Amino acid sequence: MGASLAREPSIHQLRLYLTLSEELHFGNAAARLFITQPALSQQIRELEKRLGVRVIERTSRTLALTEEGRALLPEARAVVEAVDRLKRVAGAQQRQISGRVIVGTIGAEASMAHTRAVLGLLRNRHPQLTLRLINLSFADHMTALAHQEVDVVFLRPPVTDDMELHHLATEPRVACLPADHPLAAFPQLTLAQLADIPVVGMPEQVPRLWRDFWAVDPRPDGSRVRYGPVVTDMESLMHTVATGEAMYFLPAAAREYFPRPGIRYSTVVDLSPSTSALAWLRRRRSEPTIRAVRHAARHVTFKAEADR
């Protein structure tokens, strides 16, 4: 039994193999992994020894996966992904035991009055809880929640079916335009007037329903949107708009939180509003820490409605 255990590849070796399979170049893969090329080569040879098959075909000029290497690739990826899931779930359980809540936010959501009210009430009600705030990008704000890298997220819907929401506020959406565009001079616009302007693109990791909602794609007449450069965060979005490469639709609060040189905001009279919301994974709704955040959010909105 000892001999068979010694032949099992390590997770580290499988991660190196997956990266090398993507790069098919020892130098590039080593640079991406922040290790030396000889160290990577040695680990791959050790992996082949433990598996009992060659996974890489080496020549003086090229690098390719062997037939065995291609066959093992999905299995290696599945093992690494399973270990990653195990670590994420363990991390979530550890946070629950220790009373730690990791709160994700996107854009300016951390600065919104309702977000500050929810977190303030949570601190007052549960002083033993440790709150950690993380600002997330467009690319990772939903995947971080799905992978349990954060426990809850203050975001802008829509979201995927594995998530639940508590709506906190509603506000109009506005067009974020280059200041030198002729339409930027108009305080009010229609979607039809904006039809020919490319819209900032979002990374593929962002769920399609979210990308389509914020790009208003398709438009009411059924036409599809033409996309400009892809961005990952608000600052790159602001830069892309300011340089005249594309426009985007944002919550009206962007006027206050994201004033920038080279940018103008216009009300879009026929555009549906947006909402701010607290999101959590449906399967985790009953965990004590998640439940505490949910109850705080519900109290804040109930009080806000009662005060109107």
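**A salt bridge and its surroundings**

Modeller: Glu48 and Arg58 join their side chains in a salt bridge, at 3.5 Å from N to O; the term stands for a side-chain nitrogen of Lys or Arg within 4 Å of a carboxyl oxygen of Asp or Glu. Glu48 sits in helix α4 and Arg58 in strand β1 (residues 56–58), so this pair ties together parts that are 10 residues apart in sequence. Helices (H or I, at least four residues) and strands (E, at least two) are DSSP runs, numbered from the N terminus.

Two notes before we go on. This is a predicted model, where local features need pLDDT of at least 70 and side-chain atom pairs count only at pLDDT 80 or more, while totals for chains, interfaces and linings use all residues. Residues are numbered from 1 along each chain as its sequence is written, and side-chain values use heavy atoms, with hydrogens and water left out.

Back to our pair: Glu48 counts as buried because its relative accessibility is 9%, whereas Arg58, at 31% relative accessible area, is partly exposed. Buried here means under 20% relative accessible area, exposed over 50%, and partly exposed in between (1.4 Å probe, protein chains only).

Helix α4 (residues 37–51) also has a helical partner. It packs with helix α2 (residues 11–23) at an angle of about 110 degrees, the two axes being 10 Å apart. That makes α2 roughly perpendicular to α4, a label for angles of 65 to 115 degrees. Axes are lines fitted to C-alpha atoms, for helices over the stretch in contact, and angles run from 0 to 180 degrees between N-to-C directions. The contact (heavy atoms within 4.5 Å) brings His12, Gln13, Leu14, Leu16, Tyr17 and Leu20 of α2 to Leu40, Gln43, Ile44, Glu46, Leu47 and Arg50 of α4. Sorted by class, 7 of these residues are nonpolar, 3 polar and 2 charged.

Now for the other salt bridges: the whole structure holds 16 of them. One links the side chains of Asp151 and Arg284, at 2.9 Å from N to O. Asp151 is in the loop between α7 (143–146) and β5 (152–155), and Arg284 is in the loop between β13 (274–281) and α11, so they tie together parts that are 133 residues apart in sequence. Asp151 is buried, with a relative accessible area of 2%, and Arg284 is buried too, at 3%.

Arg211 and Glu204 form another salt bridge through their side chains, at 3.8 Å from N to O. Arg211 is buried at 16% relative accessibility, whereas Glu204 is exposed at 64%. Elsewhere, salt bridges with shared partners connect Glu22, Glu23 and Arg32 into one network.

Arg211 leads us to helix α8 (residues 208–215), whose buried residues are Trp210, Arg211, Asp212, Trp214 and Ala215. Their cover includes the strands β3 (100–106), β7 (173–178), β9 (199–201), β10 (227–230), β11 (248–251) and β13. After α8 comes Val216, which has a positive phi, near 55 degrees.

One last stop is helix α11 (residues 288–307), which holds Thr301. Thr301 is buried, with a relative accessible area of 10%. Leaving out residues up to four places away in sequence, Thr301 touches His166, His167 and Leu168.

Key. Angles under 35 degrees count as roughly parallel, over 145 as roughly antiparallel, 65 to 115 as roughly perpendicular and the rest as oblique. Ala, Val, Leu, Ile, Met, Phe, Trp, Tyr, Cys and Pro count as nonpolar, Asp, Glu, Lys and Arg as charged, and the others, Gly among them, as polar.
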